[in-house]
Amino acid sequence: MVLIEIEDLHVSVAGKEILRGIDLKINTGEVHAIMGPNGTGKSTLSNVIAGRDGYEVTAGTITYKGQDLLSMESDERAREGIFIAFQYPVEIPGVATSTFLKTALNAKRRHQGLEQIDAVSFLKLVREKLKILEISEEMIKRPLNVGFSGGEKKRAEVLQMSVLEPEFAVLDETDSGLDIDALQVVASGINGQRGPKTSFLLITHYQRLLDFIVPDHVHVLVGGKILRSGGKELALELEAAGYSKFIEAAAA
Amino acid sequence: MNDHGFSPTYAHALGALPGTGHEWMDSLRQSGRALFGAAGLPTRSMESWRYTPLSDLARISFSPASMGDVSDVVSVPMEVPAFSGEVLLVFVNGEFNSNMSTVFEDPDLDFEFQPFNAASETNISWVRSRLGGLATPSDNSIVALNSAYMAGGAVLRIGKGKHVDKVIHIVNIGHAGAEPIAWHPRFLFVLDGYSKVTVIESHVGLPGQTYFSNQVVEIYLGPKAQMKRYIDVQEDLEAFHLATSAIELKSDSSYEEFSLIANGRKVRRETKLNLAGERASSVLNGAYALEGERHCDITTFVNHSAVHTKSSQVIKGVLAGKSRGVFQGHIKVNPDAQKVDGNQLHKAILLNRGPEVDCKPELEIYADDVKCSHGATTGELDPEHLFYLMSRGLDPSSACNLLTKGFLLDVVKKISESEVQHAYQDIISRWLGSRLEGEDKAAQL
């Protein structure tokens, strides 16, 4: 079943066209990877899906669960099951991570007509996930992302994802800046979410993450367009040969 | 100049004022009357009152509180936080209310206490020698007004070396029945050397007519004395709350204060603090949350007049509707006050277009080996923060509330007594909650 379909998406930022006609179809339960050199539009795609201001869609559509995603507000998209693990998560002093997470979970539950979760039950739920991601309880008492290292921020994003249980998760360069051990921890957090009801879009520069989270489909994004799509072998090919022939093809 | 509505009904009450006939009380009152009579209520043309005009107050004809009927005030309102093991001192319209207070029920009371009216009739030397010593009628006409008509309030003394382990909770309930009333309570705290006490002052109003509470508090901290003072202001919507605190710190003494202002039509809390002894230190923190047309003014003057003294101040405000916040913070370091560390920070968040914040920091430094800093920012909630919270499913109002709460909690967390921290967090949550409800109602219309 098609979960999300992007058709001929053109996006400009500050008057400059970054995405030049993206076509992408993701079914439920699938893991897709988008790879490409820096500055090529990878983050633009995740920001447009998130609904961030400053990204102008000049053409094309995004259909999510049959609905027009672009006409939905950011918070609505999240409650409908979309989650973005940002590349540079913002620090919010004064807002404890656990308080924020519980509020977000309850917002989703309210939307789904489910009962609100109380503090005690929430802590029980979160403990399991904390163990897998090697995050201490002390850390989530701290204000959101404040003083977290790059790696800790990435793990915190994955923790949020595992608590909110989205149907479609976009992970924007979640692997960048992580050493091999941290990478494995994050990967097991993500794999723990993997299932028939969840789809993933991994946006990454390096092939490394895909050793641990094996994708169903790989797409190469260069110059704002998807130049080639393939299976997991495509990632290995890129690892060996680099992006140069794609960059040349895009420039031509 | 006229007394702006105070003389007609007040003049005839003169004979009934506490302490009349005692020279030390009479001269203070006379001086107050003369100076207030000459100056009247402060106007915009006075530098310190530029941002807090009292023309609306001046238009109201207030009667003395003693003429009001408070027989229906029998219990402490729910909004007033409760603290474990607290000693309650309840004042209704400024006057001590023994029924609701618990202070006389405690056999182990380790401090001296007398309602102000009783104290002014006896001639206790420590009261006589100190009343009017730190806050004098010549300071400004508001203190003069209080000095002229002072009634109600209390005097408290903590003896040398005494550590009062129970929290002293002063609850001030305001209630105007049929007509606007005013009261001018006077508080005097004397902490002898090495003593220690925590005092909480709650100000709450019951709905009714408008009222004007004009309080003066004088605090003397002896060497090595420690005082923690927490103030929460939840006056009635239509109430005027003026409070003047004058504090003197002797060597090695410390004073920690936090004031939370969450309601009241017009609130001005003015503090004059003198770090008079070596190594004395003070913390003057606070938070205010305003909506509608509320007005809150925090004006402080911290005077470093001894070496190695420290002062610190962090005030945070959240404003909605068309409210008005004012912060005037003056730090003075005298020529001989070397090795001083003084800092001040005021941060305000405007939740919509409409509110206004006036901020006037002043550093007056005459010594050359000091560290002084100040900061003032006024802005809106960070759109990046709002977006992030919304990207996790929080609707705009909830996101705004969570960020606002976090912003204020940041300074509330500095309160060193955790029970007070939690109580003040609750007051803030309630304020935010009622805003959300108000927005929901408005959206449904």
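The model is predicted: local features need pLDDT of at least 70, side-chain atom pairs count only at pLDDT 80 or more, and totals for chains, interfaces and linings use all residues. Residues are numbered from 1 along each chain as its sequence is written, and chains are lettered from A in the order in which they are written.

Two packed helices are described by the angle between their axes and the distance between the axes. In chain B, helix 7 (residues 383-390) and helix 8 (residues 396-412) have axes that come within 9 Å and cross at roughly 125°. Helices here are DSSP runs of H or I, at least four residues, numbered from the N terminus; axes are lines fitted to C-alpha atoms over the stretch in contact, with angles from 0 to 180 degrees between N-to-C directions. His385(B), Leu386(B), Leu389(B) and Met390(B) of helix 7 meet residues of helix 8, including Pro396(B) and Leu403(B); contact requires C-beta atoms, placed from the backbone, to lie within 7 Å. By class, this contact of helix 7 with helix 8 of chain B has eight nonpolar, one polar and no charged residues. Nonpolar covers Ala, Val, Leu, Ile, Met, Phe, Trp, Tyr, Cys and Pro; charged covers Asp, Glu, Lys and Arg; the others, Gly among them, are polar.

Between the chains, 17 residues of chain B are in contact with 19 residues of chain A. The largest share of the chain B side, seven residues, comes from helix 8 of chain B. That side divides into eight nonpolar, five polar and four charged residues.

In chain A, helix 3 (residues 97-111) has 15 residues. Just after helix 3 of chain A, Gly113(A) takes a positive phi of about 75°.

Notes
Helices (H or I, at least four residues) and strands (E, at least two) are DSSP runs, numbered from the N terminus. Two residues are in contact if their C-beta atoms, placed from the backbone, lie within 7 Å. The expected span of a helix is 1.5 Å times one less than its number of residues.
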